[in-house]
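Good morning, and thank you for making time for this item. I would ask you to look at the sequence and the structure together before we go through the details.

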Amino acid sequence: MDVAETKPSSRYGKPPWIFKGRAFYQLNLVKAELARAFIPEEFRLVEAFGYTLGGFFLASYDESPAGVFDELVVIAGIVWNPPTSCAWAARVLVNSDEACIHGRKDVGLPSQVARFSKRITAVPRKRQNIVDSLLSIIGMGHTFYTPKAFIGIELTETEGPALTEICKINLMASGHEHGLKFNEWMGPAIRMCLPSFSGRTEYNPNLLKYSCQIECRVRAVQPARVTGQSQPTEETDKDQSATEELSVHGRNLRNTIAVMLSKPVLALEFNCLQMQVEAPIVVSQYT
């Protein structure tokens, strides 16, 4: 397998590119047939009983070459890359024009600009121990409340003046990152590498491979609740070529939402995240 480094855009400077912030990573059981709609034919999908591991990576970066921005990476599935495996992104949404251009040109990602509309709601949750219960009976008790915050994120893809609602994501917010005092353990510090394939897009037709070196505090959390938008209506036959192009875009969008709506198996919260993205390499042959 022959490889060569790609040339980075001048805006981001030379790799590696460093991103700092927090993230939510959810693994879903994705139907193999659905994942294959995004993955090049020469790749062999890692699957069992008709399913592969996909999901999404939702990040909020406080520091990056593009400044502060949000990112949603929808992962279609995992493909073999002996002796290990690599992820394949079905769609990437960012609320930064600069990050979108970098993702398209330099990393070969299917990046799109989108709006991330967030709403954080603090929900008091009553918790009372046995001693407090006994004291309450005689009128001397008091109640302890442990606040919890929930964040709702509505994603709307923007393409010029056109707006397309993608989905809504509801998850438990981290008190450490949103100014709420939860006194919760952020989990152990870990280091890991997430290798991925990319490319084969209109902006970068090459087949690429890159890796993300991650350092963070990680803990298991409740899976997010994802709701998808209604399917687009059928196109008219006024312009056959335009109709075919819209239907391809519509199918891609529906399949992306279907990946997000697949059954969750594990959700992880990454705090104190530092992610180092290495320079992508061009894969001239895949075997």
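Predicted model: local features only at pLDDT ≥ 70, side-chain atom pairs only at ≥ 80, totals over all residues.

Which residue in β5 is the bridge partner of Val79? The partner of Val79 is Cys86, in β5. Residues are numbered from 1 along each chain as its sequence is written, and side-chain values use heavy atoms, with hydrogens and water left out.

Let me begin with strand β5 and its neighbours. Strands here are DSSP runs of E with at least two residues, helices are runs of H or I with at least four, and both are numbered from the N terminus. Strand β4, residues 69–81, runs antiparallel to β5 and is joined to it by 10 bridges; two strands count as paired if DSSP finds at least two bridges between them. With two residues between them, β4 and β5 form a hairpin. β5 also pairs with strand β9, residues 189–199, this time in the parallel sense and over two bridges. There, Trp88 stands opposite Phe197 of β9.

Is β5 enclosed or open? Nine of the 11 residues in this strand, residues 84–94, are buried, so β5 is largely enclosed by the rest of the structure. Buried means under 20% relative accessible area, exposed means over 50%, and partly exposed lies in between, with a 1.4 Å probe and protein chains only.

I turn now to the second largest pocket, with a volume of about 540 Å³. Of its 34 lining residues, the closest to the centre are Val73, Ser196, Tyr210, Cys212 and Met275. Elements that give two or more residues to this lining include β4, β9 and α2 (97–105). β5 gives the most, with seven residues. As to terms, a pocket is an open set of points on a 1 Å grid over the protein atoms alone, with protein on both sides within 12 Å along at least five of seven lines, and lining residues have an atom within 4 Å of a point. The volume is the space filled by probe spheres set on the points, which are joined across faces, edges and corners.

My last topic is charge pairing. The structure holds seven salt bridges, each being a side-chain nitrogen of Lys or Arg within 4 Å of a carboxyl oxygen of Asp or Glu. One of them joins Arg22 to Asp62, with the closest N and O atoms 3.6 Å apart. Because Arg22 lies in strand β2 and Asp62 in strand β3, this pair ties together parts that are 40 residues apart in sequence. Arg22 is buried at 16% relative accessible area, whereas Asp62 is partly exposed at 42%.

Another salt bridge links Arg219 and Glu269, with the closest N and O atoms 2.9 Å apart. Arg219 is in strand β10 and Glu269 in strand β12, so parts 50 residues apart in sequence are tied together. Both partners are buried: Arg219 has a relative accessible area of 16%, and Glu269 has 6%.

Finally, Glu215 and Arg191 meet through their side chains in a salt bridge of 3.6 Å, N to O. Here Glu215 is partly exposed at 36%, and Arg191 is exposed at 72%.

Conventions: 1 Å grid on protein atoms, 1.4 Å probe; cavity = no way out; pocket = protein on both sides within 12 Å on 5 of 7 lines; lining within 4 Å.
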